[in-house]
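Visitor: I would like to learn how to read a model like this one, feature by feature. Could you take me through it with care?

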Amino acid sequence: MNKLMKPTFSTAAAAASVLSGWLLAQDVSAAASAPASANAPLSWRLGPGQYRQTIVEVFGPSISITGRFDPEYRQDGLLTIGARTASISASGVERYDELAENIAAQVVDERNRDTLIPCKPASATASDEACARQFLSAAGRLLYRRALTEEEIAASVKLAGIVSQAKHDFYAGLAGALGNMLLSPNFLYVYKTFEPDPEQNGKLRLDGYSKASVLSFFLWNAPPDDALLSAAENGEIHTKKGLRRQVDRMLASPSLENGVRAFFSDMLGFSEFETLAKDPMFFPRFTPRVIDQAQEQTLRTIVDLLVVRQGDYRDLFTTPDTFLTRSLAALYGIPIVDTTDNGQPERWIPYSFPADDPRAGILSHASFVALHSPSGRSSPTDRGKALREYLLCQAVPSPPADVSFAVVQDTNHPVYRTARERLGAHATDAACSGCHKITDPIGLALENFDSAGGFRTTENGAQIDTSGELNGTKFDGPVGLAKALRSDPALTACVATRAVAYASGRTPRRGDAELKRIQAEFADNRYNFVELLREVALSDALFSVPPQATQLVTAR
Amino acid sequence: MRKVTALCKGASFAALAAAGIAPAHAETRGYVISWFGTATYVKDFKSSCPQNKNGGGAEWMIRDLMSIGYSKAEATKLAEGGEVSGPLRDKLSMRAVVNGKNVSIYNYPDAVPDPDIETVSGKFAYGFDLGGKNEAHKFIDPETGEKVDNQLWRAIGCTASFRAEPPAMPFPEEVSWNAMVETSPGFAIMITAEDFSKDGKVSITLNRVTQHLERDAAGNIMSSASYALDPSPKSHNVLEGELKNGVITITPKDIYLQAEMPFYPEIALRNAHMRMKLKPDGQLEGYWGGYFSRERFSYMITSRPGHGGDSIGIYHAVKKMADASPDPQTGQNEEISSTWRIEAVPAYLSTLDGKIVANAVLPAHPPAQVASADSTK
């Protein structure tokens, strides 16, 4: 950040202090009344994807964002819920400071300023209040996701002027003020604010800007666009008809794909790819490129089936249709025709597995079988646990601290050659067998896929038995598991629950009437995921006023 | 791998025929060449190069410095102190004189004296009987025990840069290969047989592919990747062969594969012979032999001075050892008998119009996985 700005937002450490104190004041009262996930929290920290997308939406894709963000953590199965209680560490503030300074410098850079700044100063070596005001008020509205107050605009323009005068550079001043905005809690956090509800005397409602942010981050994983902010400003968003019009517009927008990708990346735990590694000696085809492409394969499959074709959510688990690159095809051991010229990036090619192929649905993608395996071996238990937790919303207890995994991990065991045999020996321990009964019969059906997602029929020379069971339904092999999963009512109930939780920032209580209604509508709509998004977006649950908000307003 | 034969049979009859492969009920396996370089045999280095006078890079540099007037002591000090750079290096490389002008010795190697490097005097080298009549030139192949022609090895086998034992590749070729692998199109081998588990006739097709080779996570060439065949007939070679005891040999024939700088400009072998093992891990490994243009070899060696060690010494040695195709006017042999070691990994091959014409066949039993120190169940 520009040195001359330091008196206003001094050093990064001081900034951390200011930011932390500010956030504390905002969130303490909410947090004190109930856990974040039980009540709708009043703010959330922008996730890395949301931060990046905001910069893209406001300044375009040419602005590069390099650097790491503060770590995210998962709560109730979603990073989005974890973000509701996420703070920013002192080192995190330093990183945001660097990002802000870097982004601001790019925006005012000679290559970009004519495109991104809507006015030219009278002199490039002096301050220009009118031009600074025009740019900062417009950019601030998009970054803060609301119109700036006159005081905020005046403070930013003043800061830009001070820096411009000191540096004899109008654009340096603009960069300083923009960097300040990018480091502001008003940008880094999304706040829900409330106002008296004119329809219900004595009650509160979410204000229009808050509704716009909730909707846009839910459906687009991006900040509200100008049309949505306008709908917030003119009150349209508060009317049923106006809200529906906006939701229809957003669901028809190409940006929906970005939102659907973000939702499933979160729900399927794709953040774990950041630490995923395989032993290259045993899984040489699991290259760094494959790590990125494994996620992309599943997300492309999801978008194609659920958004483009408006298909049945349950079919994600049985569909033979997907997209492959040469690297993924090599991992899976299948041929693919890619006639891309030498030296060009790999293409994504639509691919359909044959009807009798053991690979079908997203459970057979590397994004599931490789993600939920240790680096050197497959793990039916990890895979079964992941399926229950990520896809069925069922909690599986962690193993006791004093359990020995020696037999399970000994893949060169002279007697127990397959994972089934090793787990069978391990599960004779009564302390283990209970949990393994709910995970292993699922995961063992996926044993045709090794730790990296490659196909195999034997392990250590022994034939792999892929028979399994899911909640009483017996089957054989990965395709049998996929069919059993498709028929399990918990599958669709789970994704609907996750959608509500993702949108509202809280996991609905068991038996929640609105959730039941949404789940029923989902079934009536033949599990059309886009229709599920519509139901959630229009649901009363999304904009409900939590009790602590009323308490907060009353106290003030 | 699964349904390999069925998939190949179902998808590729027309394409196989178009590619020059016709058997009606055959299986076609695809490969890409993952290792190509001079076939070295260095187990008997001491007896093969008894003078051991060529030395390595430092000795070569000392010889070069002495050739422009430095004393041995001065040259040794400069070479071992690493001070041969800038103007001095330029002076060394521009010491050839043609038409009164200083020119690069690497462009005009005949314009400088032959350093007369030591050549191989031992008995063994990999190779094939190419029909050479000079019994004194024959080596014994350590694998087959047969008398073979391989004058290229005689010329270069005592130089440090070619003193490499597989899987290590000779240094100049390794540098070129590594530079080429991820930029230049690869070479494909298709082998068609009625039954790979039995002895019998096979058909072998060599082609260039349109994409460069893919590396795996361990840095090796990836198995079971897919490639499209270059439809140009320029690098299309169809060979008749035989599979016997897991080893494929061919009826000798000329072969040509277009290559790229800084690797050999072409892989062109006259009277090419082959023997390649079908290994249990699904890969091919073996030797190709034939007469190779001395000019092509020298071009590879002199185009990257430094990587080839004593490029000029090798140039002159190869020129002297060349044993075929004499120039009608000068009598200089323009080809040299040679042997090349190749490895190839399974690959899927398709035509540009989308037909899979060869399948990657990996072993039925993958290697055992390893236990890892994780805490999962």
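Visitor: How many residues does the contact take from chain A and from chain B?

Guide: Please keep in mind throughout that this is a predicted model. The size of an interface is often given as the accessible area lost when the parts come together. Here we can count residues instead, and the contact takes 41 residues from chain A and 35 residues from chain B. On the side of chain A that touches chain B, the elements giving two or more residues are α16 (326-332), α18 (380-391) and α19 (406-409) of chain A, and the largest share, four residues, comes from α16(A).

Visitor: Which domains is chain B given by the domain assignment, and what separation do their centres have?

Guide: The assignment gives chain B a domain 1 (4-47 + 118-358) and a domain 2 (55-116), with 34 Å between their centres, taken over C-alpha atoms. The contact between these domains takes 10 residues from domain 1 of chain B and 11 residues from domain 2 of chain B. On the domain 1 side, the largest share, five residues, comes from helix α10 (residues 311-321) of chain B, and the residues of that side divide into four nonpolar, five polar and one charged. In chain A, by comparison, the division is into domain 1 (3-27 + 43-189) and domain 2 (278-487), whose C-alpha centres lie 42 Å apart.

Visitor: How should I describe two helices that pack together, and at what angle do α5 and α9 of chain A cross?

Guide: Two packed helices are described by the angle between their axes and the distance between the axes. The axes of helix α5 (residues 90-108) of chain A and helix α9 (residues 170-182) of chain A come within 8 Å and cross at roughly 140°, which means that α5(A) is oblique to α9(A). The crossing is right-handed. From α5(A) the contact is made by A:Ala100, A:Glu101, A:Ile103, A:Ala104, A:Ala105, A:Val107 and A:Val108, and from α9(A) by A:Tyr171, A:Leu174, A:Ala175, A:Leu178, A:Gly179 and A:Leu182. These residues divide into 11 nonpolar, one polar and one charged.

Visitor: Where does A:Tyr313 lie, and is A:Tyr313 buried or exposed?

Guide: A:Tyr313 lies in the loop between α15 (288-308) and β5 (321-324) of chain A, and A:Tyr313 counts as buried because it has 21 C-beta neighbours inside 10 Å, where the cut-off for a buried residue is 20 or more. Leaving aside neighbours within four places in sequence, A:Tyr313 is in contact with A:Leu306, A:Thr492, A:Val495, A:Tyr527 and A:Phe529. A:Tyr313 and A:Val530 are 217 residues apart in sequence, yet 9.6 Å apart in space, C-alpha to C-alpha.

Methods: Residues numbered from 1 in each chain as written. Chains lettered and ligands numbered in written order. Predicted model: local features only at pLDDT ≥ 70, side-chain atom pairs only at ≥ 80, totals over all residues. Axes fitted to C-alpha atoms, helices over the stretch in contact; angles between N-to-C directions. Parallel < 35°, antiparallel > 145°, perpendicular 65-115°, else oblique. Left-handed = near helix turned anticlockwise from the far one by under 90°. Contact = placed C-beta atoms within 7 Å. Nonpolar A, V, L, I, M, F, W, Y, C, P; charged D, E, K, R; others polar. Buried ≥ 20, exposed ≤ 12 C-beta atoms within 10 Å, placed from the backbone. Domains from an automatic or database assignment.
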